[in-house]
Amino acid sequence: MTRPPPHALLIDVDGVLFQGDRPLAGAARLLGRLAGRPHCFVTNNPIRTPEQIAAACAAMGLPRPDPRYILTSALATARWLSRERPGLRYFAVGAGALEAALSAVGSRDERDANAVVVGEGVGLDFATLTTGINLILGRGARLVATNPDTTVDGMRDGQRVVLPGCGALVAPFTAATGVTPTFIGKPEPLLYEMALGQLGLPAAACLMIGDRPDTDIVGAERLGMWTALVRTGRFPPGRDWVAGLPRPDFDAPDLDRLIEALDGAFPGLLAPD
């Protein structure tokens, strides 16, 4: 390893710290060892606010992360739109956290919105699709999507299920209008760049920990970060690597193994146990 070592961490949430309402192996240990170390949690999930994510961790018995260091794709989308669309008037399709983030920087307007914003969760139906299509075609509203994930993991009746992600929910708007959305979340650079700006650090000084090669690893590698994959989410142990995707610097079955590897490679990156 000839590159300078990292001295900050970017960390995914779903599939890394927990799955549904179940904490994952090593999550408590990792959270405990972030004390005094620069870090930011970056998640494509726009359904929960940072405060809700922190509360969910605490409810699972994990150390409660500071919401100030949690950046969701909904928050990143709102911040980006506040710069790109002064006087933001939006029409949002998705769960409540997206609405909360957007309402802090703009006003909801179903008749003259200058941005149609699609997230995840409930909200897409014939009526909202019709409204969004006509705002895009008739009013020139910009089509923005919180993240490109076509599917996400979820829980239903205690069983793990696959749910439609933002990439699937925004597809009808693209099909009907011919407009390609602006994606904010991983692997696109905007979410990462906002996290780096919050940390005040360049990409080369950070290590990204994630569970998805196609978003977490690809996006971080493009920006020049160190990368670490934990196989606790969408990419389980034993699965063959996806052709054409960059390999991470670290590939571990879980966080405990990754922590051991990081302690050996970068002493001091994490606080002592």
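The legends below describe close-up views of a predicted model.

**View 1. The largest pocket and its lining.**
Three elements each contribute at least two lining residues, namely strand E2 (18–19), strand E10 (151–156) and helix H8 (213–223). E10 provides the largest share of this lining, with four residues. By class, the lining comprises 12 charged, eight polar and five nonpolar residues.

**View 2. The second largest pocket.**
The volume of the second largest pocket is about 160 Å³. Around this pocket lie 15 lining residues, and Thr 49, Pro 50, Glu 51, Ile 70 and Leu 75 are the closest to its centre. Two or more lining residues come from each of helix H2 (50–59), strand E5 (70–72), helix H3 (73–84) and helix H4 (96–103). Eight nonpolar, three polar and four charged residues make up the lining of the second largest pocket.

**View 3. Packing of helices H3 and H4.**
Two of the helices that contribute to the lining of the second largest pocket, H3 and H4, are shown here where they pack together at an angle of about 30°. Their axes are 8 Å apart. An angle under 35 degrees counts as roughly parallel, and H3 and H4 are therefore roughly parallel to each other. The crossing of H3 past H4 is right-handed. On the H3 side the contact is formed by Ala 74, Leu 75, Ala 78 and Leu 81, and on the H4 side by Ala 97, Leu 98, Ala 101 and Leu 102. This contact of H3 with H4 has eight nonpolar residues, with no polar and no charged residues. Leu 75 of H3 takes part in this contact and is also among the residues closest to the centre of the second largest pocket.

**View 4. Packing of helices H5 and H6.**
Helix H5 (residues 126–139) packs against helix H6 (residues 166–177) at an angle of about 45°, and the two axes lie 10 Å apart. That angle makes H5 oblique to H6. H5 makes a right-handed crossing as it passes H6. From H5, the residues in contact are Thr 128, Leu 129, Gly 132, Ile 133, Ile 136 and Leu 137. They meet Pro 172, Phe 173, Ala 176 and Thr 177 of H6. The contact of H5 with H6 contains seven nonpolar and three polar residues, and no charged residues.

Most peptide bonds are trans. The bond from Lys 186 to Pro 187, by contrast, is cis, with omega near 10°. Pro 187 is located in the loop between strand E12 (182–183) and helix H7 (189–199).

**View 5. Packing of helices H7 and H8.**
The view shows H7, the helix at one end of the loop that holds Pro 187, where H7 packs with H8 at an angle of about 65°. The axes of H7 and H8 are 10 Å apart, and H7 passes H8 in a crossing that is right-handed. Pro 189, Tyr 192 and Glu 193 of H7 meet Thr 215, Asp 216, Gly 219, Ala 220 and Leu 223 of H8. The contact of H7 with H8 includes four nonpolar, two polar and two charged residues. H8 also supplies at least two residues to the lining of the largest pocket.

Note on methods
Residues are numbered from 1 along each chain as its sequence is written. This is a predicted model: local features need pLDDT of at least 70, side-chain atom pairs count only at pLDDT 80 or more; totals for chains, interfaces and linings use all residues. Side-chain values use heavy atoms; hydrogens and water are left out. Ala, Val, Leu, Ile, Met, Phe, Trp, Tyr, Cys and Pro count as nonpolar, Asp, Glu, Lys and Arg as charged, and the others, Gly among them, as polar. On a 1 Å grid over the protein atoms alone, a cavity is a set of points where a 1.4 Å probe fits but cannot get out, and a pocket is an open set with protein on both sides within 12 Å along at least five of seven lines; lining residues have an atom within 4 Å of a point. Grid points are joined across faces, edges and corners, and a volume is the space filled by probe spheres set on the points. Axes are lines fitted to C-alpha atoms, for helices over the stretch in contact, and angles run from 0 to 180 degrees between N-to-C directions. Angles under 35 degrees count as roughly parallel, over 145 as roughly antiparallel, 65 to 115 as roughly perpendicular and the rest as oblique. A crossing is left-handed if the near helix is turned anticlockwise from the far one by less than a right angle, and right-handed if clockwise. Contact means heavy atoms within 4.5 Å.
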